[in-house]
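Thanks for coming. I will go through one structure, starting with its aromatic rings and ending with the chain as a whole.

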Amino acid sequence: MLKLGWFSTGRGPGSRNLLRTVMEEKKKYGLDIEIAFVFCNWDNTEEPNAKKEQREMFFDLVKSYDIPLITKSWKTFRPDLWDTDEKAWRDEYGKEIRRLTSEYNIDLGILAGYMLWMDDETCEAYDMLNLHPALPDGPKGTWQEVIWELIRTDAESQGAMLHLCTPEWDRGAPLTYCSFPIRGGDYDILWEQMYEKLKTSDLETIIAEEGVNEPLFKRIREDGAKREQPLIVETIKSFADGRVKIENKQLIVDGKVLDSAFNLSEEVDGSLGE
């Protein structure tokens with residue numbers, strides 16, 4: 001059985017939907033997995049707390065599955081250190097995470113909407129997967145930065161990947177990914193509209209004036225976002241059935257070391273009915 005540690009800040013419906021989907025897939029397909037615990041970096045007694053109701057709903061969902069819920073408030077943990085040395089604070093918080101979770105002996109950690117950077121030692125101690133909203137050879141940064149860079153460079157495709165958490169943030173080895181074209185069909189019309197705007201303006205002005213509502217940007221985001229959850233689910237399935245595993249921070253697929261990320265585009269599109 002694959003034992004998962006689930007790390008989430010529990011900020012909204014996305015966090016609940018992902019956990020719910022994995023649990024439903026486990027029941028539907030008999031996935032040989034166990035979510036050994038859910039760790040949240042809020043305990044929901046903090047003030048101010050704009051996401052209090054959302055987080056309470058997330059906590060209730062976790063409890064409904066009889067999954068142990070572990071919380072440790074980042075806001076109340078060593079505020080003296082947070083104010084003076086953020087890296088030292090992160091290292092101490094990481095020690096606390098490991099103290100609270102080490103007894104569960106997880107095979108894999110899933111960062112499912114976890115909004116804190118993991119410390120170096122926890123990255124080394126656990127094999128943890130984090131979602132990045134780009135292809136393995138795509139741009140770094142937030143999903144907004146990624147999409148604007150795709151537009152800036154006239155990209156042909158976009159996707160999402162899960163990569164290993166490493167001390168070098170957002171630079172861990174890509175493990176699985178999915179891709180989709182951002183050319184052809186309706187996309188060509190949106191690109192033409194963008195090129196027309198660029199005849200009289202520059203991209204930075206368009207970003208400032210339209211932001212995430214720019215039609216091409218919005219379409220790329222929609223097509224990428226709807227694949228993120230299926231990618232995580234399909235990745236967990238691949239680990240659960242033994243097709244994929246990690247040994248010494250290397251990806252093993254069907255018994256062989258894979259030098260590049262494992263392409264799950266077909267499985268992800270299949271789950272979307274595309």
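Let me begin with one aromatic cluster, formed by Phe7, Phe37, Phe39, Trp42, Trp74, Phe77, Trp82, Trp89, Tyr93, Tyr104 and Tyr114. This is a predicted model, where local features need pLDDT of at least 70, side-chain atom pairs count only at pLDDT 80 or more, and totals for chains, interfaces and linings use all residues. Residues are numbered from 1 along each chain as its sequence is written, and side-chain values use heavy atoms, without hydrogens and water.

The structure has 16 aromatic pairs. Rings of Phe, Tyr and Trp (for Trp, the six-membered ring) pair if their centres lie within 6.5 Å; planes under 30 degrees apart are stacked, over 60 edge-to-face, the rest tilted.

Phe39 and Tyr114 make a tilted pair, with 6.3 Å between centres and 55° between planes. Phe39 sits in strand 2 and Tyr114 in the loop between strand 4 and helix 5, 75 residues apart. Both Phe39 and Tyr114 are buried, meaning under 20% relative accessible area.

Trp89 and Tyr93 are stacked, at 4.9 Å centre to centre and 10° between the planes. Both belong to helix 4, 4 residues apart, about one turn of the helix. Trp89 has a relative accessible area of 3%, and Tyr93 is also at 3%.

Now the whole chain. It contains 10 helices and 11 strands, taken as DSSP runs (helices H or I, at least four residues; strands E, at least two) numbered from the N terminus. Of its 274 residues, 47% count as buried.

Notes. Buried means under 20% relative accessible area, exposed over 50%, partly exposed in between (1.4 Å probe, protein chains only).
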